[in-house]
Amino acid sequence: MFEDLFYERLEKLRTQKGVSARDMSLSIGQSAGYINSLENKNGFPSMQVFFYICEYLGVTPSEFFDDTNSYPSEFREIMENLNALDPEKLRHVKAIIKDLRH
């Protein structure tokens, strides 16, 4: 179960970033086929390489495994901006979000 989550999240977050498995592999200091091998369910990265993967994808390890959050980097940026707003502006943002959902 958790194994499949790792492989699925890796592929999803990588494709959202718009990079090839080869480019990502080389960017994190691995062989050209490394990420492709992982996405084909051939093993797991070391802890150090997992942290490089998270850093490259712009997510925390927690965000990596949170499959309820489809866009973790964007969500984190939105939350940081929301935390800087006063209560009145937060109410406006809340109303806009409600309107967008309908």
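Which residues does Glu-63 touch, not counting residues up to four places away in sequence? In this predicted model, the list is Arg-9, Gly-58, Pro-72 and Arg-76.

Is Glu-63 buried or exposed? Its relative accessible area is 13%, and buried means under 20%, so Glu-63 counts as buried.

One of the contacts of Glu-63 is Gly-58, so it's worth a look of its own.

If you skip the neighbours within four places in sequence, Gly-58 is in contact with Glu-63, Ser-73 and Arg-76. Arg-76 also turns up among the contacts of Glu-63.

## The nonpolar core

Now for the largest nonpolar core, which has 19 residues. The members that touch the most other members are Leu-10, Met-24, Ile-28, Ile-35, Ile-53, Leu-57 and Phe-64. At least two core residues come from each of helix H1 (2-17), helix H2 (21-27), helix H3 (34-39) and H4. H4 gives the largest share, with six residues.

Take Ile-28 as an example. Leaving out neighbours within four places in sequence, Ile-28 is in contact with Tyr-34, Ile-35, Val-49, Tyr-52, Ile-53 and Tyr-56. Ile-35 and Ile-53 are also on the list of core residues that touch the most other members.

Technical notes: Residues are numbered from 1 along each chain as its sequence is written. This is a predicted model: local features need pLDDT of at least 70, side-chain atom pairs count only at pLDDT 80 or more; totals for chains, interfaces and linings use all residues. Side-chain values use heavy atoms; hydrogens and water are left out. Contact means heavy atoms within 4.5 Å. Buried means under 20% relative accessible area, exposed over 50%, partly exposed in between (1.4 Å probe, protein chains only). A nonpolar core is a set of buried Ala, Val, Leu, Ile, Met, Phe, Trp, Tyr and Cys residues joined through side-chain atoms within 4.5 Å. Helices (H or I, at least four residues) and strands (E, at least two) are DSSP runs, numbered from the N terminus.
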